[in-house]
Amino acid sequence: MSIYTGIILIRCLYANGKARLTTYKEVATAAFGWIGGWVTFFFNAWILLGAPILYMVLSGTNLNHLCRGTAGEIGEKPWIIISSVVVAIPFILVKTMKEVAWMSAFGAVATLVVVFICLAMSAIDKPNQVNVHHDAVIWNMFPIALSTISFSFGGNVVYPHVEASMKKPQDWPKVVAGGLSTCAFMYFVTAISGYLIYGSNVLSPIYNSIPEGAAQIVAIVVITLHVLLAAPILTTSFSLDIEEMLNITVERFGKVKEFLLRAIIRILTMVVIGVIACSVPHFGELMSLIGAFANCTLIFIFPVTFYLKLTGVRNKPIYELLWCALVVILGLVGLVFGTIEAVKELITAFS
């Protein structure tokens with residue numbers, strides 16, 4: 001479903017047959033006017049800023065954990081601030097998604113390394129896991145699982161900028177299919193090995209379940225590097241949207257002034273991310289709420305709705321319309337039940 005909606009979202013960029021649209025917001029505006037555009041921008045911005053905030057929290061927690069018992073154990077908040085500064089440097093210096101492509105490549109390799117570490121270490125740890133509880137299926141958790149898993153395939157928010165930076169944009173369907181299939185493979189390997197060996201006792205992140213030692217430290221270090229390099233990809237996509245809206249271009253302002261304006265926007269963005277990561281109580285639960293709401297909407301519901309509105313319904317074969325209906329229905333299931341579960345978590349956290 002994510003592959004399909006990723007392909008049709010990019011088709012929407014070319015739907016008018018004239019100039020290519022540049023952002024998700026512009027697609028929404030073309031389909032449903034300024035109201036649709038701003039509603040989409042809100043959800044888009046929440047994901048593009050919310051995910052880096054969670055990355056900074058994870059990075060700060062990991063770095064403080066790695067420095068336990070040393071002078072480097074300065075607390076999670078100072079490490080969150082340091083992480084924000086580290087991310088801000090490439091974020092300010094690079095201009096487009098093309099320049100952050102190597103960060104994405106490192107992220108893919110880093111994730112693969114951690115997958116193999118967890119696979120190997122959990123296999124070694126299997127003899128120590130006795131009386132582990134497994135459920136074949138937990139049906140009442142299916143909708144919540146759907147909204148949570150959608151986080152792992154939520155690249156729609158950056159796809160327009162990624163496709164724009166490609167040397168051969170016509171290869172986009174192959175790229176999105178290859179990328180998401182690789183993600184799915186790595187998640188299957190991790191999920192199957194983790195649940196098979198640890199059952200209901202498995203922890204998140206998965207590397208917290210494997211035995212302490214060198215392998216776990218390597219996994220934490222690699223994932224920390226990964227989130228530090230992944231954050232600029234999301235923040236760059238957000239800033240490109242803002243710069244597009246404000247028409248900040250070299251042609252309009254000249255090279256120096258354009259760079260300064262771009263730098264100011266990006267510095268302010270990182271300050272906001274750092275402050276929220278350090279200060280907002282129960283941010284994880286709040287992110288789950290808007291994430292369930294925004295992700296299922298942006299990944300499953302909006303692309304199909306915009307596609308049918310911009311390209312027409314009657315010219316589609318019946319099987320494609322049935323498939324579109326299934327995508328939207330499952331998106332609504334994840335949206336409704338994921339939101340209900342996230343509200344319950346928020347109530348519990350505040351009480």
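**Cavity, pocket and nonpolar cores**

The largest cavity is lined by C118, S122, T190, S193, G194, Y198, I206 and I210. Two elements give two or more residues each to this lining, α4 (101-125) and α7 (172-198), and α7 has the largest share with four residues. Here helices are DSSP runs of H or I with at least four residues, strands are runs of E with at least two, and both are numbered from the N terminus. A cavity is a set of points, on a 1 Å grid over the protein atoms alone, where a 1.4 Å probe fits but cannot get out, and lining residues have an atom within 4 Å of a point.

The model is predicted, with local features needing pLDDT of at least 70 and side-chain atom pairs counted only at pLDDT 80 or more, while totals for chains, interfaces and linings use all residues. Residues are numbered from 1 along each chain as its sequence is written, and side-chain values use heavy atoms, with hydrogens and water left out.

The space in the largest cavity is about 30 Å³, a volume being the space filled by probe spheres set on grid points that are joined across faces, edges and corners. In its lining, four residues are nonpolar, four are polar and none is charged. For these classes, Ala, Val, Leu, Ile, Met, Phe, Trp, Tyr, Cys and Pro count as nonpolar, Asp, Glu, Lys and Arg as charged, and the others, Gly among them, as polar.

A pocket is an open set of points with protein on both sides within 12 Å along at least five of seven lines. The largest share of this pocket's lining, three residues, belongs to α8, and by class the lining has five nonpolar, seven polar and seven charged residues.

The largest nonpolar core has 66 residues, of which M56, Y159, F238, L298, F302, V304 and F306 touch the most other members. Its largest share, 14 residues, is supplied by α11. Such a core joins buried Ala, Val, Leu, Ile, Met, Phe, Trp, Tyr and Cys residues through side-chain atoms within 4.5 Å, where buried means under 20% relative accessible area (1.4 Å probe, protein chains only). Beyond its neighbours within four places in sequence, M56 is in contact (heavy atoms within 4.5 Å) with I80, S83, S84, V87, L228, A231, I273 and A277. Another core, of 14 residues, lies apart from the largest one and includes I117, V222, I223 and V227.

Note on methods: Buried means under 20% relative accessible area, exposed over 50%, partly exposed in between (1.4 Å probe, protein chains only).
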